[in-house]
Amino acid sequence: MKLVNNRALTLLAVTLALTISGPATAFNLDSDAPITVSADNARLDDTKGIATYTGDVQLVQGKTRLNAERVVLYRDANGLNRVEASGQPARYQQPTRDGEGETDARALNITWSASDDQLTFEREAIIEQNGNLFRGDIIHYDTVRRVVTAQGGDTSTGSGRVEMVIQPRSTKSKQGSDGSSQSQ
């Protein structure tokens with residue numbers, strides 16, 4: 001049974017990667033656009049390279065937005081390398097690669113790692129894009145290879161399974177009841 005679950009999970013991940021064209025990168029560190037942070041409170045430990053923001057935190061870079069109750073930014077000699085956000089839920093939004101819609105993701109914990117090129121959504125994770133939906137306890141998104149993996153969760157807090165809703169492709173024309181073709 002475990003082999004069947006692993007195959008199903010792999011199929012779901014591949015289908016999601018093909019269906020949902022996720023963000024190119026969470027925050028583009030090569031961009032000239034600054035990352036703007038606003039919050040009710042802030043604490044900067046320059047020695048450790050850690051900035052902690054609490055209370056209605058908003059990170060914005062261009063059209064990429066992250067809203068959370070608490071955000072911790074980690075910097076090293078190369079600059080920003082990790083963002084950890086938590087909230088009820090924390091919310092990440094970014095336009096799709098093709099500009100046709102927006103990726104809207106929510107989870108109790110969201111982590112972005114520059115070194116891994118990975119976004120991780122943990123606990124009650126939901127990603128929506130153009131009517132498509134992906135839900136799981138943990139969702140990892142490799143922003144370079146565009147690979148999504150997901151895990152179900154504890155059955156005491158939900159179904160314990162990964163769930164996905166994929167919208168049908170729209171057609172350019174529909175056939176009328178008289179057999180004629182109609183444009184949309």
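How many bridges join E3 to strand E4? In this predicted model, the number is 10, and the two strands run antiparallel. Strand E4 covers residues 64–76. Within this pairing, Thr52 stands opposite Val72 in E4. E3 and E4 also form a hairpin, with two residues between the strands. Gly62 in this hairpin takes a positive phi near 60°.

Strand E1 (residues 36–38) pairs with E3 in the antiparallel sense, over three bridges. Here Val37 stands opposite Leu59 in E3. Strand E2 (residues 41–45) is also antiparallel to E3, and five bridges link the two. Asp45 faces Ile50 of E3 as its opposite residue. Four residues separate E2 from E3 in a hairpin. In that turn, Gly49 has a positive phi of about 75°.

In soluble globular proteins, nonpolar side chains tend to be buried together. The largest nonpolar core here holds 27 residues. Val71, Leu73, Val83, Ile110, Phe121 and Ile139 touch the most other members. At least two residues of this core come from each of E3, E4, E5, E6, E7, strand E8 (132–142) and strand E9 (147–151). E5 gives the most, with five residues.

Val71 shows the surroundings of one such member. Leaving aside neighbours within four places in sequence, Val71 is in contact with Ala51, Thr52, Tyr53, Val57, Leu59, Val83, Glu84 and Ala85. Val83 in this list is itself among the core residues that touch the most other members.

Phe121, another of those core residues, also takes part in an aromatic pair. The structure holds one such pair. The ring centres of Tyr92 and Phe121 are 6.4 Å apart and the planes meet at 55°, so the pair is tilted. Tyr92 lies in strand E5 (residues 79–95) and Phe121 in strand E7 (residues 118–129).

Thr111 lies in strand E6 (residues 102–113). Is Thr111 buried or exposed? Its relative accessible area is 11%, so Thr111 counts as buried, the cut-off being under 20%. Apart from neighbours within four places in sequence, Thr111 is in contact with Arg82, Val83, Glu84, Gln118, Leu119, Thr120 and Glu122. Val83 and Glu84 are among the contacts of Val71 too.

How values were computed
Residues are numbered from 1 along each chain as its sequence is written. This is a predicted model: local features need pLDDT of at least 70, side-chain atom pairs count only at pLDDT 80 or more; totals for chains, interfaces and linings use all residues. Side-chain values use heavy atoms; hydrogens and water are left out. Rings of Phe, Tyr and Trp (its six-membered ring) pair if their centres lie within 6.5 Å; planes under 30 degrees apart count as stacked, over 60 as edge-to-face and the rest as tilted. Two strands pair if DSSP finds at least two bridges between them. Buried means under 20% relative accessible area, exposed over 50%, partly exposed in between (1.4 Å probe, protein chains only). Contact means heavy atoms within 4.5 Å. A nonpolar core is a set of buried Ala, Val, Leu, Ile, Met, Phe, Trp, Tyr and Cys residues joined through side-chain atoms within 4.5 Å.
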